[in-house]
Amino acid sequence: RLLADFIQSPVTRNGFDLSSLRQGSFFTRNGARYAPGVTSHASARQLLLYLLRLEEGRIVDRFSSTEIKRLLYMTERRIRYASSPALRDAAVYFKSGSLYQCKPEPGFVCRKYHGNVRNLMNSVAIVEYPAGAPRLYYMVALMSNVLRKNSAVDHQTLATRIQQLIARYHGI
């Protein structure tokens with residue numbers, strides 16, 4: 001109960017709907033072992049609303065929002081959506097995550113990120129293109145469940161096509 005209150009009250013305090021955006025437990029297996037929680041879920045719409053409020057400086061306050069955005073920029077090398085070559089010159093603030101599950105199936109070998117029951121890959125990104133003097137500025141929330149294969153390249157390809165579409169629309 002304490003964990004749920006601790007991680008969910010800021011969500012509702014910031015005006016989000018727990019039925020569409022809920023972190024229900026710790027991210028790690030060890031954390032969940034010490035403090036079991038409930039399921040986590042999000043809709044693409046609520047994730048985009050989160051990014052919008054982050055940009056507006058409304059996640060706690062302006063300072064906290066800026067720090068969260070900075071952490072998104074520096075958390076790890078560009079992977080999945082953010083690894084698109086079309087975004088090479090862009091500042092990309094992103095977070096990606098995945099969850100996969102396998103069951104026995106004739107001829108199928110379960111591997112990391114290749115689930116045959118579920119193979120979720122989700123990404124959120126704020127794109128400022130080009131970095132430093134953006135002429136394009138947009139946000140993306142992508143959620144997929146591509147079974148039996150690692151869909152990282154699919155996310156990368158979609159990022160390329162979205163960037164090209166938006167650039168073409170704006171004459172860049």
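Helix H4 has 13 residues. From first C-alpha to last, H4 reaches 19 Å, close to the 18 Å expected at 1.5 Å a residue. The model is predicted.

User: What makes Ser65, Lys69 and Leu72 of H4 a group on the same side?

Analyst: Ser65, Lys69 and Leu72 are buried. They cover an arc of only 55 degrees around the axis, so they lie on the same side of H4. An α-helix has 3.6 residues a turn, so residues three or four places apart point the same way.

User: Which elements do the buried residues of H4 pack against, and which residues sit on the face turned away?

Analyst: The buried residues pack against H3, E3, E4 and E5. The face turned away carries the exposed residues Phe63 and Met74.

User: What is found at the start of H4?

Analyst: A side-chain oxygen of Asp61 comes to within 3.3 Å of the backbone nitrogen of Phe63. The cut-off for a polar contact is 3.5 Å, so this pair falls inside that distance.

User: Why is Arg80 called buried?

Analyst: Its relative accessibility is 12%. Buried means under 20%, so Arg80 counts as buried. Arg80 sits in the loop between H4 and E3. Beyond its neighbours within four places in sequence, Arg80 is in contact with residues including Ser96, Tyr113, Met121 and His155.

User: Why is Tyr113 called partly exposed?

Analyst: The relative accessible area of Tyr113 is 24%. Buried is under 20% and exposed is over 50%, so Tyr113 falls in between. Tyr113 belongs to the loop between E3 and E4. Its phi is positive, about 65 degrees, although Tyr113 is not a glycine.

User: How do you know that Val60 is exposed?

Analyst: Val60 has a relative accessible area of 63%. Exposed means over 50%, so Val60 qualifies. Val60 is placed in the loop between helix H3 (44-56) and helix H4 (62-74).

User: Which peptide bond is cis, and where does its proline lie?

Analyst: The bond from Tyr129 to Pro130 is cis, with omega near -15 degrees. Pro130 lies in the loop between E4 and E5.

User: Which residues touch the most other members of the largest nonpolar core?

Analyst: That core has 16 residues, and Tyr81, Leu87, Val92 and Val127 touch the most other members. Strand E3 (91-101), strand E4 (118-129), strand E5 (136-145) and helix H5 (152-169) each supply at least two of its residues. The largest share, four residues, comes from E5. Apart from this core lies another, of 13 residues, among them Val11, Phe16, Ile59 and Ala141.

User: What does Val127 contact?

Analyst: Leaving aside neighbours within four places in sequence, Val127 is in contact with Leu87, Ala90, Ala91, Leu136, Tyr137, Tyr138 and Gln163. In soluble globular proteins, nonpolar side chains tend to be buried together.

User: How confident is the predictor, and where is the mean pLDDT of an element lowest?

Analyst: The mean pLDDT of the protein is 89, and 98% of its residues reach 70 or more. Where pLDDT is low, the predicted coordinates should not be read in detail.

Definitions and conventions. Residues numbered from 1 in each chain as written. Predicted model: local features only at pLDDT ≥ 70, side-chain atom pairs only at ≥ 80, totals over all residues. Heavy atoms only, no water. Core = buried A, V, L, I, M, F, W, Y, C linked by side-chain atoms within 4.5 Å. Buried < 20%, exposed > 50% of the residue type's maximum accessible area, 1.4 Å probe, protein only. Contact = heavy atoms within 4.5 Å. pLDDT = per-residue confidence, 0-100. Expected span 1.5 Å × (residues − 1). Arc of directions from axis to C-beta. Polar contact = N/O pair within 3.5 Å; in protein donor to acceptor, adjacent residues only side chain to side chain.
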